[in-house]
Amino acid sequence: MPRWQTLVTADELATALGRPDVVVLDARSSLADPAACEHAYRQSHIPGAYFADLDRDLSDHSRPGGRHPWPSAAAFTDRLGEWGITPAHQVVVYDAGDGGLSAARAWFLLRALGHRDVAVLDGGWKHWTAKGCLVEVGTPVSPKPAAYHADFNRALLLDAPRVQAHLAAGGMLLDARASERYRGDAEPIDKVAGHVPDAVNRPYSDNLENGHFKPAATLRDEFTDLLHGRDPEEVVVMCGSGVTACHHLLAMEHAGLTGAKLFTGSWSGWIEDPARPVATGA
């Protein structure tokens with residue numbers, strides 16, 4: 001049976017629905033109206049999919065670390081178990097349409113646990129419905145609870161002090177936010193505008209073309225040019241709160257550039273301490 005570690009097409013997933021080793025997660029999310037996404041899920045979703053809420057399931061707001069704090073391994077693996085997921089399962093995650101929000105976040109949460117067989121549906125819900133693939137209404141039957149025992153690879157997850165040390169050692173920090181937010185021209189979400197000094201900007205949308213990820217070879221060429229000879233392991237990615245940054249991690253992995261890390265708190269975590277420096281401009 002095929003296994004997927006980065007992206008899966010709608011046709012591939014449609015063929016695999018019903019396989020006992022496949023679990024699908026609906027991770028549609030909206031910063032403007034979070035509750036609307038679960039409502040939309042109940043109205044229609046990929047058959048058998050469970051809803052993964054960005055705030056409730058893919059973050060832990062009882063912990064520090066920006067607007068979407070990284071959850072503990074214990075809390076996240078408990079949630080995986082409630083979805084019936086074990087380390088042996090093939091997990092597929094989708095969001096509204098571009099992988100830019102929670103699908104890539106869920107993908108990296110699992111990858112940071114060491115789960116290899118997890119992929120994002122390329123084109124997401126928008127592409128799935130445009131192709132006329134099967135959908136389901138309501139809530140799936142609860143799965144048989146499973147046990148998932150794993151811990152996060154802490155080498156992949158950096159807080160603000162470790163990011164400062166990373167930059168001081170000459171490492172690259174890649175900011176996935178839109179250019180106007182990086183420059184500080186506009187800041188619709190966080191209380192301070194600008195970016196971490198010495199961070200390099202590549203909006204996550206640059207990974208996409210017509211609603212899909214660019215071909216792996218194209219992404220490899222673009223990231224290789226951006227890295228200027230650096231090893232991917234020398235790269236830390238960030239965004240506003242550690243969500244869209246995962247889009248870069250997924251794109252790089254799809255391109256064969258493995259080993260980049262995540263600044264979990266990202267910009268919202270960086271500015272929690274007003275003593276940390278802020279840069280503006282290009």
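Buried residues are those under 20% relative accessible area, exposed ones over 50%, and partly exposed ones in between (1.4 Å probe, protein chains only). The model is predicted: local features need pLDDT of at least 70, side-chain atom pairs count only at pLDDT 80 or more, and totals for chains, interfaces and linings use all residues. Residues are numbered from 1 along each chain as its sequence is written, and side-chain values use heavy atoms, with hydrogens and water left out.

Helices (H or I, at least four residues) and strands (E, at least two) are DSSP runs, numbered from the N terminus. Eleven of the eleven residues of α4 are buried, so this helix is largely enclosed by the rest of the structure. Among them are R105, W107 and R111. Its cover includes α3 (73-82), α9 (245-254) and strand β4 (90-94), counting contact as heavy atoms within 4.5 Å. Just after α4, G114 adopts a positive phi of about 95°.

A nonpolar core is a set of buried Ala, Val, Leu, Ile, Met, Phe, Trp, Tyr and Cys residues joined through side-chain atoms within 4.5 Å. The largest holds 54 residues, of which L25, F108 and F152 touch the most other members. Helix α4 (residues 102-112) gives the most to this core, with eight residues. A second, separate core of 16 residues includes V22, A49, V92 and W125.

S268 lies in helix α10 (residues 266-270). S268 counts as buried because its relative accessibility is 6%. Beyond four places in sequence, S268 touches G66, R67, D190, G240 and S241.
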